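Here is my note on the model you sent over.

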Amino acid sequence: MEGTHRVVSGGGRRIHLVEQGAGPLVLLVHGFPESWYSWRHQLPVLAAAGYRAVAIDVRGYGRSSAPAAPDAYRMAGLVEDNVLVVRALGEESAVVVGHDWGSAIAANSALLRPDVFRAVGLLSVPYAPRGGPRPSDVFARMGGEEFYVSYFQEAGRAEGEIEPDVRGWLAGFYAAFSGDTMPGPGAPDPHFVGAGGLLRDRFPVGPLPGWLGERDLDVYAGEFERTGLTGALNRYRNMDRDWEDLAAYDGAPITQPSLFAGGGLDASTTWLADAIEAYPVTLPGLVSSHVLDGCGHWIQQERPDEINRLLVDWLAALPAA
């Protein structure tokens, strides 16, 4: 069964999605630097299990709207996009599953709109409630080399590195955070930029990760060569705005049924280990939590069979919609 491409619109914005199957709605939200295509292994499996699986292009990506204003990419707007998709598909509620930035978007969708999102699955990036100092202050105090999130803040800076060779940059970025190709423990950390250098200076040189075929890379590169990277990078440029916008949710738990899966070799899992340990408080509806040994950041593409099994089993155990 092939997925159906369509575009839904409302409120002056358009969201491109790929849909497969019929049944309860499962909304799939990708991260950086990806697209709906990141869920290519999940769509047919969820459809076969009796779900209406829908993978979107997040605002700023692919064929979805890409507003020019940097502040159009704040978290509250991305949550509104998810609600728009649910309503445009004629549904009252959905399960939302996200990876990387999509995990944060999914978590905030569940937090801000529990009337729409009845359960939430989080891949690679754990839920950590809003709180603590302003994000830019945290990154500034890290000291030493420049953190990649800080590197992404200045408009045009990262674009100037990436856009002359989108395909090559993406290949290196994906390889840097994949379980089978990431730099070894003694190598310089690709999350940081050396003085006067570029992020890609620390990307591994060699074969593509096992999960990424040449055709897959062509799909991702083709989208970003067409759209540029600014829309995608603008998500990073709104972290302080999100911190301000979500002040009323400081420390707030997500109470819906939830699932988490992360890669054992992913810095998101190890750096945020405290967030995972806090799940009894922050995710009181947690059904299951998994760390996949030897897996990197691109978890649903690196380990599609395992993630599909976890998702299907979790979905089957949820209360009926």
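**Notes on the predicted model**

1. D100 counts as buried, because its relative accessibility is 11% and the cut-off for buried is under 20%. Bear in mind that this is a predicted model. D100 sits in the loop between β5 and α3. Its phi is near 60°, a positive value in a residue other than glycine. Most residues other than glycine have a negative phi.

2. S124 also deserves a look. Its phi is near 75°, again positive in a residue that is not glycine. S124 belongs to the loop between β6 and α4 (135–140). Is S124 buried or exposed? S124 is buried, with a relative accessible area of 0%.

3. The bond from F32 to P33 is cis, and its omega is near -10°. Most peptide bonds are trans. P33 is placed in the loop between β3 and α1 (42–48).

4. Now the sheet. What is the order of its eight strands? The order is β1-β2-β4-β3-β5-β6-β9-β10. The sheet is open, and its pairing is mixed. At the edges are β1 (4–10) and β10 (286–292), each of which pairs on one side only. On average, neighbouring strands are turned by 20° against each other, direction ignored.

5. Follow the strands from β5 onward. β5 (residues 94–99) and β6 (residues 117–123) pair in the parallel sense, over six bridges. Within this pair, V96 has V120 in β6 as its bridge partner. β6 and β9 also run parallel, joined by four bridges. Here L122 stands opposite F260 in β9. β9 in turn pairs with β10 in the parallel sense, over six bridges. F260 has S289 in β10 as its bridge partner.

6. Why call β9 largely enclosed by the rest of the structure? Six of its six residues are buried, so the strand is largely enclosed. In a regular strand the side chains alternate between the two faces of the sheet. Both faces of β9 are covered. On one side, S258, F260 and G262 are buried. On the other, L259, A261 and G263 are buried.

7. Helix α2 (residues 75–88) lies across β1, β2 (13–20), β3 (25–29), β4 (52–56), β5 and β6. Helix α2 runs at about 55° to β2. Helix α3 (residues 101–112) lies across β3, β5 and β6. Its angle to β6 is about 160°.

8. How many salt bridges does the structure hold? The structure holds 20. One of them joins the side chains of R13 and D81, at 2.4 Å from N to O. The pair links distant parts of the chain: R13 is in strand β2 and D81 in helix α2, 68 residues apart. R13 counts as buried at 17% relative accessibility. D81 counts as buried at 3%.

9. Another pair sits in partly exposed surroundings by the numbers. D115 forms a salt bridge with R113, with the closest N and O atoms 2.8 Å apart. D115 is partly exposed, at a relative accessible area of 48%. R113 counts as partly exposed too, at 28% relative accessibility.

10. R200 and D165 come next. Their side chains meet in a salt bridge, 3.2 Å from N to O. R200 lies in the loop between β8 (192–193) and α8 (214–227), and D165 in the loop between α6 (157–162) and α7 (166–176), so the pair ties together parts that are 35 residues apart in sequence. R200 counts as partly exposed at 28% relative accessibility. D165 is partly exposed, with a relative accessible area of 32%.

11. There is also a charged network. Which residues make it up? R6, E19, R52 and E91 are linked by salt bridges.

12. Last, N308. This residue lies in helix α15 (residues 304–317). N308 is buried, with a relative accessible area of 8%. A polar atom of its side chain lies 3.2 Å from the backbone oxygen of H41. Leaving aside neighbours within four places in sequence, N308 is in contact with H41, Q42 and V45.

Key. Residues numbered from 1 in each chain as written. Predicted model: local features only at pLDDT ≥ 70, side-chain atom pairs only at ≥ 80, totals over all residues. Heavy atoms only, no water. Pairing = 2+ DSSP bridges. Helix = DSSP H or I, 4+ residues; strand = E, 2+ residues; numbered from the N terminus. Axes fitted to C-alpha atoms, helices over the stretch in contact; angles between N-to-C directions. Contact = heavy atoms within 4.5 Å. Salt bridge = Lys/Arg side-chain N within 4 Å of Asp/Glu carboxyl O. Buried < 20%, exposed > 50% of the residue type's maximum accessible area, 1.4 Å probe, protein only. Polar contact = N/O pair within 3.5 Å; in protein donor to acceptor, adjacent residues only side chain to side chain.
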